[in-house]
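Me: I would like to learn how to read strands, sheets, helix packing and annotated sites in a model such as the one shown below. Could we take the features in turn, with the general idea before each case?

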Amino acid sequence: MKDFSRKEIDYVLDTAEKLEPVARGEERSRLLDGKIIALLFFEPSTRTRLSFEAATQRLGGQVLNLGSVEASSVMKGENLADTIRVISNYADLIVLRHPLDGSARMAAEFSSVPIINGGDGSLHHPTQTFLDLYTIRRESHLEGLKIAMAGDLKYGRTVHSLCHALSLYGAEITLVSPPELRMPLEIVRDLQKNNIRIRETDSLENIIGDVEVLYMTRVQRERFPDPEEYEKVKNKLRVTGDLLKNADPSLKILHPLPRVNEISPEVDSTPYACYFEQAFYGVPTRMALLALATGVIE
Amino acid sequence: MKEKRDLKIQAIENGTVIDHIKAGQALNVLRILGISNAFRATISFVMNAPGAAGIKDVVKIEGKELSVEELNRIALISPKATINIIRDFEVVQKNKVVLPSYVEGVVRCINPNCISNSSEPIKSKFSVLQSEEEGVILRCLYCEHVISENIAENLL
């Protein structure tokens with residue numbers, strides 16, 4: 001995500017906005033007519049894969065699916081470089097999701113067609129960041145945004161790249177997490193170097209009245225050796241109807257999903273809830289990335 | 001006394017002398033230069049030799065002048081090392097090592113989940129940065145992990 005300038009991000013988001021009526025099925029498009037998009041998913045991710053499929057088909061393109069890894073030549077010991085070299089002869093673009101860090105960069109070295117990183121290892125998931133930015137722009141605003149990121153800020157890759165991208169727009173960022181799951185210091189330092197105001201806290205109550213976007217993430221039970229600790233943390237980082245009584249009326253709540261219990265179901269029907277719309281915005285955002293990467297939109 | 005010390009660091013007729021290596025790093029210098037059993041030139045080295053600026057290591061490679069690119073890799077583990085090219089017992093060229101901005105296939109990425117540590121047909125690639133606080137920093141061009149200490153321990 002760090003490879004993108006603000007101008008480039010804005011261009012992707014502008015393109016997504018133009019394509020949104022197509023994503024909603026209100027308009028038809030043949031932009032990807034005759035194009036084949038290969039989806040190489042080496043680990044399960046239903047949401048990302050389906051939204052790429054939907055994006056391709058809404059633009060009139062065809063999808064080539066790797067299918068399950070167990071049934072493919074990967075099980076025969078083929079390396080990723082060879083798989084990419086072969087598949088790039090069959091398709092006009094490859095969307096790759098792979099468990100190893102840096103796999104998308106390597107794939108780009110071996111591919112004769114563009115690669116879109118659909119999530120590699122534990123570090124990057126740039127299309128998620130684009131859709132998060134698009135959601136914020138559509139539902140709130142990007143410039144000088146007051147945003148809180150809550151939950152697992154230590155391991156959560158979506159919050160790391162989102163923080164970086166938001167720093168290009170001069171955000172004020174509040175980090176809400178238990179001490180065990182705080183944002184890594186080097187990322188906080190990087191943000192501060194970009195003149196981003198950061199504050200850290202461990203409770204949503206203190207800050208809920210003072211933010212425009214609340215970005216929730218899941219706290220995983222397995223991060224805590226002591227189950228009691230987990231229970232305590234879980235309750236502190238839970239969005240409920242009660243908590244929202246003090247919220248700014250324009251507050252929007254985002255979540256990359258799947259959620260477990262960090263947002264109580266009663267919140268779903270409030271105007272604050274934005275996470276299902278956010279999941280939809282994955283389609284126009286990925287349409288924009290597909291169209292730009294294949295060159296059908298310049 | 002003087003003579004005995006001279007014996008330790010005997011002059012060579014032609015080749016490369018790497019001087020002012022950080023004490024204890026001579027073997028790592030050989031590794032970083034890719035010098036292995038298959039290397040045919042005569043190599044001698046001294047470790048922990050007293051010098052004007054404290055103890056140092058020295059490596060001499062006879063009959064072979066290594067390329068600047070190869071030699072500059074030494075800056076990763078010993079930024080103050082100097083390179084002397086010797087011809088007919090004379091120093092014809094003396095340079096400090098210069099930190100390269102990029103290295104390939106020299107250091108292993110410390111992230112076990114990095115694609116460069118898998119069985120893919122690629123070499124590790126790092127961009128090299130120098131920071132005043134942390135010294136030499138390597139950033140993996142695949143996974144972006146940073147190595148800021150113990151670079152010598154991660155030589156390939």
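Me: In the hairpin of β8(B) and β9(B), which residue takes a positive phi, and how many residues lie between the strands?

Reply: Keep in mind throughout that this is a predicted model. The hairpin of β8(B) and β9(B) has 5 residues between the strands, and B:E144 takes a positive phi near 70 degrees there. The two strands run antiparallel and are joined by 2 bridges, and in β9(B) the residue B:I147 is the bridge partner of B:L138.

Me: What does β8(B) form with β7(B)?

Reply: β7(B) and β8(B) also form a hairpin, with 3 residues between them. Strand β7 (residues 125-131) and strand β8 (residues 135-140) of chain B pair in the antiparallel sense over 6 bridges, and B:S127 stands opposite B:R139 in β8(B). As a general idea for reading any such strand, the side chains of a regular strand alternate between the two faces of the sheet.

Me: Which annotations does UniProt give for this part of chain B?

Reply: An unreviewed UniProt entry carries the annotation "domain: Aspartate carbamoyltransferase regulatory subunit C-terminal", covering residues 103-150 of chain B. In the model, that span is 0% helix and 35% strand, and its end C-alpha atoms lie 16 Å apart. The UniProt record, again an unreviewed entry, places the feature "binding site" at B:C109, B:C114, B:C140 and B:C143. Although these positions are spread over 35 residues of sequence, they cluster in space, the largest C-alpha distance being 8.9 Å. One of them, B:C109, lies in the loop between β6 (102-104) and β7 of chain B.

Me: How should I read the order of strands in the open sheet of chain B, and which strands stand at the edges?

Reply: The order is β2-β3-β1-β4-β5 (chain B), an open sheet of 5 strands with antiparallel pairing. β2 (43-51) and β5 (90-96) of chain B stand at the edges with a single partner strand each, so one side of each is left without a neighbour in the sheet. From one strand to the next, the twist averages 20 degrees. Within this sheet, strand β4 (residues 82-87) of chain B and β5(B) pair in the antiparallel sense over 6 bridges, and B:E90 in β5(B) is the bridge partner of B:R87.

Me: What is the pairing in the open sheet of chain A that has the order β7-β6-β5-β8-β9?

Reply: That sheet of 5 strands has parallel pairing, and its edge strands, β7 (197-201) and β9 (252-254) of chain A, each pair on one side only. The twist here averages 20 degrees from one strand to the next. As an example of a pair, strand β5 (residues 146-150) and strand β8 (residues 213-216) of chain A are joined in the parallel sense over 4 bridges, with A:A148 opposite A:L214 in β8(A).

Me: At what angle do helices α5 and α9 of chain A pack?

Reply: In general, two packed helices are described by the angle between their axes and the distance between the axes. Helix α5 (residues 126-139) and helix α9 (residues 275-294) of chain A pack at an angle of about 115 degrees, with their axes 8 Å apart. α5(A) and α9(A) are therefore roughly perpendicular to each other, and α5(A) passes α9(A) in a right-handed crossing. Residues making the contact include A:F130 and A:Y134 of α5(A) and A:Y281 and A:L289 of α9(A); the contact residues divide into 5 nonpolar, 5 polar and 4 charged.

Me: How many residues of chain B are in contact with chain A?

Reply: 15 residues of chain B are in contact with 12 residues of chain A. The side of chain B that touches chain A divides into 8 nonpolar, 5 polar and 2 charged residues.

Definitions and conventions:
Residues are numbered from 1 along each chain as its sequence is written. Chains are lettered from A and ligands numbered from 1 in the order in which they are written. This is a predicted model: local features need pLDDT of at least 70, side-chain atom pairs count only at pLDDT 80 or more; totals for chains, interfaces and linings use all residues. UniProt positions are given in the numbering used here, feature names are shortened, and annotations may be inferred rather than shown by experiment. Two strands pair if DSSP finds at least two bridges between them. Axes are lines fitted to C-alpha atoms, for helices over the stretch in contact, and angles run from 0 to 180 degrees between N-to-C directions. Two residues are in contact if their C-beta atoms, placed from the backbone, lie within 7 Å. Ala, Val, Leu, Ile, Met, Phe, Trp, Tyr, Cys and Pro count as nonpolar, Asp, Glu, Lys and Arg as charged, and the others, Gly among them, as polar. Angles under 35 degrees count as roughly parallel, over 145 as roughly antiparallel, 65 to 115 as roughly perpendicular and the rest as oblique. A crossing is left-handed if the near helix is turned anticlockwise from the far one by less than a right angle, and right-handed if clockwise.
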